[in-house]
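Please keep the sequence and the coordinates at hand while reading.

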Amino acid sequence: MALYHYVTQEQRSGFDKYKYSAVDSNPLSIYVMHPFWNSVVKILPTWLAPNLITFTGFMFLVLTFTLLSFFDFDFYASGEGHTHVPSWVWIAAGLFNFLAYTLDGVDGKQARRTNSSTPLGELFDHGLDSWACVFFVATVYSVFGRSETGVGVVTLYYLLWVVLFSFILSHWEKYNTGILFLPWGYDISQVTISVVYIVTAVVGVETWYKPVIGNVHYRNLFTVMIVGCLFVVTLPMSLYNVFKAYRNNTLKHSSVYEALLPFFSPVLLFVLSTLWISLSPTDIIEKQPRIFYLMVGTAFSNVTCKLIVCQMSNTRCKPLSLLLLPMTAVVLLNITSILLLSPCAETQFGLTRRGENRPEGC
């Protein structure tokens with residue numbers, strides 16, 4: 001299998017002993033979605049590979065992202081005075097998002113049904129899930145946009161990191177407990193996003209301009225929902241599950257340093273990307289928010305996939321990812337004013353818009 005070309009001998013040995021273990025305690029999943037997914041998987045042919053189901057679901061998200069990128073690349077389309085995204089795009093987005101969510105729920109059931117569960121399948125599934133985070137956030141952002149009644153691109157950047165941190169918390173739990181506790185926020189958010197897309201198609205984006213009550217706008221609810229899911233649900237449950245494993249002497253890493261290793265690379269990525277947008281001579285987050293979000297989400301997915309491999313092989317997580325070295329160089333050059341302090345740097349790295357006038361002297 002291709003996976004074995006990218007792992008160490010120690011990790012290969014760990015794969016042979018690996019057994020998937022997950023807990024889903026979300027009432028929405030247990031009483032609504034799982035019965036629905038159980039019905040869906042029964043109509044799938046047994047020759048249909050689980051990984052193909054996973055990939056198809058992910059491609060629905062990519063297609064949605066691509067559609068919104070075409071009609072709303074700069075996140076201005078939902079603002080007053082701009083050409084809005086057509087209603088059929090929102091209908092497609094709602095259907096595609098729900099289809100992706102459904103396929104993500106049935107791929108594992110298909111694997112168990114056909115006795116074809118493998119470590120590669122888990123890496124493929126959860127690896128694409130980690131990459132999907134940026135597609136979810138960037139796509140739903142087009143509903144509100146960056147107008148006066150929307151959310152600023154810098155604020156959305158931090159909200160993206162809230163989502164990314166929520167995702168890696170679950171895999172940090174598994175790294176320390178051996179059990180993947182599926183986050184409640186995921187199911188709630190997927191159903192909500194699908195409904196919001198359909199509602200937007202019916203009533204138009206103008207509906208989101210109006211305050212809900214007083215000076216509270218829908219953008220505020222959007223922000224509160226994302227941040228609230230992390231601090232009210234995901235983080236407390238993660239800490240509780242890890243503490244419970246510690247109390248029961250089942251924690252896999254007794255050292256605090258070893259237990260926190262999975263956070264080192266994501267935190268460094270956050271620091272580097274935040275410094276980049278803060279020091280950027282071309283104000284990159286304002287000019288190319290979609291590309292910058294995608295870059296951050298892709299780097300995060302790479303870091304997460306390495307953590308997933310360590311989980312499955314029961315090996316030590318490396319504290320730093322080499323993929324972050326190029327970004328470190330860019331940020332350091334901005335800080336030290338060597339070569340890249342001028343706008344020429346980001347132009348040379350291909351991060352200014354095609355066709356845009358280059359800064360003088362570049």
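A residue is called buried here when its relative accessible area is under 20%, exposed when that area is over 50%, and partly exposed in between, with a 1.4 Å probe and protein chains only. The model is predicted, and local features therefore need pLDDT of at least 70, side-chain atom pairs count only at pLDDT 80 or more, and totals for chains, interfaces and linings use all residues. Residues are numbered from 1 along each chain as its sequence is written, and side-chain values use heavy atoms, with hydrogens and water left out.

The chain as a whole comes first. Helices (H or I, at least four residues) and strands (E, at least two) are DSSP runs, numbered from the N terminus. On this basis the protein chain has 14 helices and four strands. Of its 362 residues, 48% count as buried. The accessible surface, computed by the Shrake-Rupley method with a 1.4 Å probe, where for residues only the protein chains shown count as cover, comes to about 17,800 Å², and 67% of this surface belongs to carbon and sulfur atoms. A contact means heavy atoms within 4.5 Å. Among contacts between residues at least 6 apart in sequence, 80% join residues at least 24 apart.

Rolling a probe the size of a water molecule over the atoms shows where empty space is left. On a 1 Å grid over the protein atoms alone, a cavity is a set of points where a 1.4 Å probe fits but cannot get out, and lining residues have an atom within 4 Å of a point. Grid points are joined across faces, edges and corners, and a volume is the space filled by probe spheres set on the points. Four cavities of 30 Å³ or more are counted by this rule.

The largest cavity holds about 130 Å³ of space. Its lining comprises 16 residues, of which Phe 58, Leu 61, Ala 100, Asp 104 and Asp 129 are the closest to its centre. At least two lining residues are supplied by each of helix 3 (50-71), helix 4 (87-113), helix 5 (119-144) and helix 7 (184-203). The lining of the largest cavity divides into nine nonpolar, three polar and four charged residues.

Ala 100, one of the residues closest to the centre of this cavity, lies in helix 4. Ala 100 counts as buried because its relative accessibility is 6%. Its contacts, not counting residues up to four places away in sequence, are Gly 57, Phe 60 and Leu 61. Ala 100 and Thr 56 are 44 residues apart in sequence, and their C-alpha atoms are 7.6 Å apart in space.

Helix 5 also contains Ser 130. With a relative accessible area of 0%, Ser 130 is buried. Beyond residues up to four places away in sequence, Ser 130 touches Phe 167, Phe 300, Ser 301 and Thr 304.

The second largest cavity has a volume of about 90 Å³. Glu 173, Phe 181, Leu 182, Pro 183 and Met 237 are the closest to its centre among 13 lining residues. Helix 6 (153-177) and helix 8 (218-247) each supply at least two residues of this lining, and helix 8 gives the largest share, with five residues. The lining divides into seven nonpolar, five polar and one charged. Tyr 240 also lies in helix 8, and is partly exposed at a relative accessible area of 46%. Between Tyr 240 and Glu 173 there are 67 residues of sequence separation and 9.8 Å in space, C-alpha to C-alpha.

Two backbone positions have a positive phi without being glycine. Phe 75, with phi near 65 degrees, lies in the loop between helix 3 and helix 4 and is buried, with a relative accessible area of 0%. Asp 283, with phi near 55 degrees, is found in the loop between helix 10 (264-279) and helix 11 (284-287), and counts as partly exposed at 35% relative accessibility.

Cysteines complete the account. A disulfide is a pair of cysteine sulfur atoms within 2.5 Å, and the count by this rule is zero. Cys 310 is in no disulfide, and the nearest cysteine sulfur, that of Cys 317, is 4.8 Å away. Cys 310 counts as buried at 6% relative accessibility, whereas Cys 229 counts as partly exposed at 21%.

Note on methods: On a 1 Å grid over the protein atoms alone, a cavity is a set of points where a 1.4 Å probe fits but cannot get out, and a pocket is an open set with protein on both sides within 12 Å along at least five of seven lines; lining residues have an atom within 4 Å of a point. Ala, Val, Leu, Ile, Met, Phe, Trp, Tyr, Cys and Pro count as nonpolar, Asp, Glu, Lys and Arg as charged, and the others, Gly among them, as polar.
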